[in-house]
Every structure is written in structure tokens, then in C-alpha cells.
Amino acid sequence: MIALIDYGAGNLKSVANALDDLNAEYIITDNSEEINSAEKIIFPGVGEATSAMIKLKEKNIVESIKSTQKPLLGICLGMQLLATFSEERNTKCLDVIKVVVKQFDSSKVKVPHMGWNKVEYKNQNKLFTKIENGATFYFANSYYVPITEYTIASTEYDIVFSSSINKNNFYGVQFHPEKSGEIGLQLLKNFIELC
């Protein structure tokens, strides 16, 4: 059973629809016991970092996310919240990955970064099994995770940034697999079956 964390993120329903397409068993929950007892966790996210952290604290699920030993996939803001800090309203995040989330330079590129872009990896992680290097996924983000030792895939938009990360049981994707068609479903399937 997958726990799909409900903290008011805008893409909750679209992630649920993608899991339905995969016939995955999941529960939408904001209950720490249900999150702790799940086999895997999906941490979606569309919105703003400070508000999201406030909601996670109000729902008393910060520790369930930070301390889980289960495979966890953060999507978009869900990935950014795994960082130590975000420049978005100077938000202290979950500190799973020691990195500061940065904002794109709007003097150089259109912000937010919206649309399809290439995702490239150097060494194939199981999250990208059966996904061609350089495949395009759908993005919608104004902030990004810089390249770190945990970067497993990158994308260029003015600068090269982390489009996917992996630290132990924590996985993150900056793009939206739930809005990326068949290739996005393959990535979610990989997380469910291989991670």
C-alpha cells in the first residue's frame, strides 16, 4: 500500500489519477500512523514552500516524512521540501538533503519554468529504468534544487539543475510524472515496483 500524502498540494488528484492508471493500491492520507505503516510514500507538491511547511506541521506529519525508512518519492515542491532551506520566502524545510533551493533568474529566463524539457542522467538509477536518457517530462517550477552529490538526473533551463535526486530511500523529481504521459507513468511504475 502506498501512502499519498494529503497536505493540500495542488497535484494530489492528478497523482491519484496516475496511480489509478497503474492499478496501484494507495491511500490518500494526512495521518502519521497510516503514513508510517505504508510500504511506500508519495509526497506530491504544487504550491508555495512556507505554506506547505506550515500545513505539514499542523498535520503533525513532519517527523513521519523525515524519519521514514520506506521509499519516498517527492514530486516538484515535494522534492524541494526535502532540502535544508528554500529561498522561496526563506523557508526552513525538512533537511533530508543538505542543499538550498534557489530561484530561477527571471532576468535571464521566463519564470516559472513551464512545459516539456529534457531529463538527462549519467548513470541510470532504477527510477529511470526503461526510460531513455534525454526523455522529456513536464515541468512547472520557479525554484530548483542545484546539482548536489545526490543528483541522479539533470535538466538545463538557464542553468543545469537537479531534475531528480536520490539519497538512500528518498527519491525526488522536479518534474511532474503524473502529467508526463506514458513516460511519467513508467517512472511512477519504476518507483512502485523497483525502489
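Visitor: Is Glu88 buried or exposed, and which side chain of opposite charge is nearest to it?

Guide: Glu88 is buried but has no salt bridge, and the nearest side chain of opposite charge, that of Arg89, is 7.6 Å away. The model is a predicted one, in which local features need pLDDT of at least 70 and side-chain atom pairs count only at pLDDT 80 or more, while totals for chains, interfaces and linings use all residues. Residues are numbered from 1 along each chain as its sequence is written, and side-chain values use heavy atoms, with hydrogens and water left out.

Visitor: What makes a salt bridge, and how is the charge of a residue decided?

Guide: A salt bridge requires a side-chain nitrogen of Lys or Arg within 4 Å of a carboxyl oxygen of Asp or Glu. Lys and Arg count as positive, Asp and Glu as negative, and His and the chain ends are not counted.

Visitor: Where does Glu88 lie, and which residues is it in contact with?

Guide: Glu88 is in the loop between β5 (83–86) and β6. Leaving aside neighbours within four places in sequence, Glu88 is in contact (heavy atoms within 4.5 Å) with Gly47, Glu48, Ala49, Thr50, Leu77 and Tyr143.

Visitor: Why is Val62 called buried?

Guide: Buried means under 20% relative accessible area, exposed means over 50%, and partly exposed lies in between, computed with a 1.4 Å probe and protein chains only. Val62 has 18% relative accessibility, so it counts as buried. Val62 is found in helix α4 (residues 62–66) and touches Leu56, Lys57 and Leu94, not counting residues up to four places away in sequence.

Visitor: What is remarked on in the backbone of Asn90 and Asp95, and how do their accessibilities compare with the cut-offs?

Guide: Most residues other than glycine have a negative phi, and most peptide bonds are trans. Asn90, in the loop between β5 and β6, has a positive phi near 45°, and its relative accessible area of 59% is why it is called exposed. Asp95, in the loop between β6 and β7, has a positive phi of about 65°, and with a relative accessible area of 30% Asp95 is partly exposed.

Visitor: What kind of peptide bond joins Val111 and Pro112?

Guide: That bond is cis, with omega at about 10°, and Pro112 has its place in the loop between β7 and β8 (113–118).

Visitor: What makes two strands a pair, and in what order do the strands of the open sheet run?

Guide: Strands (E, at least two residues) and helices (H or I, at least four) are DSSP runs numbered from the N terminus, and two strands pair if DSSP finds at least two bridges between them. The four strands of the open sheet stand in the order β6-β5-β7-β10, with mixed pairing. Its edge strands are β6 (91–92) and β10 (143–144), each of which pairs on one side only.

Visitor: What is meant by a nonpolar core, and how many residues has the largest?

Guide: A nonpolar core is a set of buried Ala, Val, Leu, Ile, Met, Phe, Trp, Tyr and Cys residues joined through side-chain atoms within 4.5 Å. The largest has 35 residues, and those with the most contacts inside it are Leu127, Phe128 and Phe137. Among the elements giving two or more residues to this core are β1, α1 (12–21) and α6 (181–194), and α1 gives the most, with five residues. Apart from this core lies another, of 31 residues, among them Ala49, Leu56, Ala83 and Val101.
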